[in-house]
Amino acid sequence: MTSHNDSALPSLNLEKPQCKRVLHSWLKIQVEKECYQQPHNGLILMQILIGILFFVLVTRLWYLQIQCGEEFSRLSRENRLRQERIFALRGRIMDRADKILADNRADFGLSLVREDCRDIPATLTQISVWSGIPVSQIWKKYQQDHFKAKSFEPILMLADISFDLLSRIESEIYAWPGLKIVVRTKRSYPQKYIFAHVLGYVAEVNEKEMAEDAALAMGDLVGKAGLELELEKQLRGQKGLYDVEVDAHTHTLDKFLKKEPRNGNEIRLALDLSLQQTALEALSGEAGCVVVMEPDSGKLRALVTSPAYDNNLFAAGISKRDWDALSTNNRFTLQDRSIQSAYPPGSVWKLVMAALFLEHGISPGESVFCPGQVKLGKQIFHCWKHGGHGAVNMENALVASCDVYFYLMAAKIGIDKIENFAKASGFGRPTGISLPHERSGLVPSRVWKRHRFGKPWVRGETYNISIGQGYTLVTPIQIAVYVSALLNGGDLLKPQLVEDGERVVMGRLPASAHTKNFVVNAMRKTASSGTARMVARKDADMGGKTGTAQVVKLKMSAGDRRLRTSEMEYAQRDHAWIATWGAKNGKTYVVIVMVEHGGGGSSVAGPVARKIYDRLFGVEKNLTVKATQAQ
């Protein structure tokens with residue numbers, strides 16, 4: 001029941017209170033003012049972190065896509081496209097008749113690319129299984145070479161793989177990513193020993209060589225000795241390049257030629273294969289050398305050193321056993337005796353002294369008496385001929401090789417003039433031949449002795465110098481240049497090994513035409529009736545001068561008798577020299593022979609020179625020559 005008095009009661013508002021709406025624009029959210037509660041601190045921090053993360057992601061995206069986009073695009077292309085070197089063929093070397101002396105042959109190798117290799121220890125072990133080489137040696141090679149190459153560059157692990165081994169590797173290599181068979185060329189020397197010292201050899205490039213030449217890379221073969229080293233830039237050529245497209249597993253998808261290789265230049269030498277072989281055979285295994293030179297051009301027709309070595313050993317990668325055998329050989333097999341060994345010249349030096357005497361006013365007709373010895377204070381200087389030569393002038397002294405004459409005349413001239421003339425004649429300095437490590441020899445002097453020994457020069461040393469003994473040292477190639485200058489008008493020529501090489505004059509002989517003609521005529525008489533009769537021929541104009549260079553001073557035994565060569569130990573035996581020239585049918589040659597510890601120049605070096613002239617001019621029939629025991 002509702003009473004009318006109910007209206008008098010105060011009205012009660014029972015509806016829910018109305019909340020005023022407030023718009024927070026920064027959050028874009030409408031909230032009721034009375035119901036709104038401020039967010040907690042954690043929520044604010046989360047919002048800040050989300051904002052920072054969003055900013056970092058946007059910044060990083062901008063950096064990768066815009067700032068570094070071009071660089072990463074390049075790296076991406078490089079992962080897909082790689083460069084592969086194409087080895088250029090090394091230039092061949094031939095003799096004057098185009099007979100091949102240095103050639104190339106195919107060589108299969110196995111290389112490792114670290115970047116593509118999933119398990120290097122297992123891969124190296126597999127290489128050991130294939131090759132039979134102990135895994136420790138494989139690891140050693142890898143450790144030596146891996147830091148020299150970039151991760152994407154190949155490291156040559158095996159070289160000169162046989163066809164049987166190549167077939168096995170090819171059938172299994174698919175399971176070993178990072179390994180690749182490579183085809184290269186290897187140097188081959190078909191003549192082996194005959195040109196070993198002239199040609200030298202090639203071997204794998206080392207760190208120093210790569211640092212000095214940006215064109216070189218791991219695995220390249222470069223010249224290490226001889227002409228291979230001296231003419232390296234001409235023989236090497238230029239490598240080519242392939243662009244190779246690979247997939248994610250480094251399998252080759254396509255290959256594009258980017259740069260064609262350019263093969264090295266072919267070199268034609270002035271040397272003659274048959275003459276070189278004749279000279280080596282004529283030495284009969286004796287330690288020594290032969291130089292055959294054309295005096296007018298300076299071209300070398302033979303340059304032989306014995307004993308020699310097979311330079312194919314180095315081209316194939318020489319073993320430790322072979323290297324030890326060569327490097328410790330007491331006959332110094334690796335030494336090029338024609339340019340790298342300096343010897344006392346013995347009586348061959350008298351050719352220099354005679355020219356010196358004439359240029360300093362000594363008359364060729366002036367004579368001295370040779371009793372077989374000269375006394376200087378308490379010291380006695382002997383002539384090679386025990387009984388002496390009697391009265392001799394300059395020509396007689398050259399033909400008979402009289403020591404006493406040169407003792408006395410050298411004492412008149414003095415060491416200072418001897419030094420100056422010898423140096424002006426090309427001694428004491430390299431000839432300039434295109435071979436590495438040429439020695440200069442030695443022309444002694446007062447200053448040199450004072451510096452070397454701290455003592456003054458004495459007259460007895462001048463006596464020794466006058467006959468090519470004492471401190472004087474020369475190389476066989478220097479003697480060849482000097483004798484050639486006597487014949488060509490006085491030009492000291494650079495010995496030329498290349499057939500099309502230019503004639504290069506390194507100096508002038510300090511002697512008049514009269515002096516040169518006198519010495520040449522004396523050599524002619526020495527060959528016809530003197531100590532060089534071994535090379536005499538009726539069908540050619542010949543000249544010569546022998547020399548026996550004493551290595552050590554030996555005490556006499558059995559009175560005053562000098563020990564025979566056969567009675568001496570090998571290292572104490574004299575060096576045998578002969579310096580000759582011959583002319584026939586418009587061709588002139590200078591032939592120099594030196595035999596280490598061979599004994600007499602006429603009896604040992606003479607027959608070698610004779611065989612060489614037989615090859616040059618043909619064998620002369622019905623001729624017998626009796627060798628003398630003179631110097």
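**Contacts of Tyr 405.** In this predicted model, Tyr 405 touches Phe 357, Ile 362, Glu 366, Val 368, Val 392, Asn 393, Met 394 and Ala 397, leaving aside residues up to four places away in sequence; contact means heavy atoms within 4.5 Å. Residues are numbered from 1 along each chain as its sequence is written, and side-chain values use heavy atoms, without hydrogens and water. Local features need pLDDT of at least 70 and side-chain atom pairs pLDDT 80 or more, while totals for chains, interfaces and linings use all residues.

**Nonpolar cores.** A nonpolar core is a set of buried (under 20% relative accessible area, 1.4 Å probe, protein chains only) Ala, Val, Leu, Ile, Met, Phe, Trp, Tyr and Cys residues joined through side-chain atoms within 4.5 Å. The largest has 123 residues, and Leu 303, Phe 357, Tyr 405 and Val 483 have the most contacts inside it. At least three of its residues come from each of domain 2 (85–268) and domain 3 (274–348 + 413–459 + 469–617), with bounds from an automatic or database domain assignment. A second, separate core of 24 residues includes Leu 110, Ile 120, Trp 130 and Ile 173.

**Helix α5 (residues 163–172).** Helices are DSSP runs of H or I with at least four residues, strands runs of E with at least two, both numbered from the N terminus. Leu 165, Leu 166 and Ile 169 of α5 are buried. Seen down the axis of α5, the buried residues fall within an arc of 100 degrees, taken from the directions from the axis to the C-beta atoms, so they line one face of the helix. On the other side, Phe 163 and Asp 164 are exposed (over 50% relative accessible area). The buried residues pack against β5 (100–112), α3 (120–131) and β7 (179–188).
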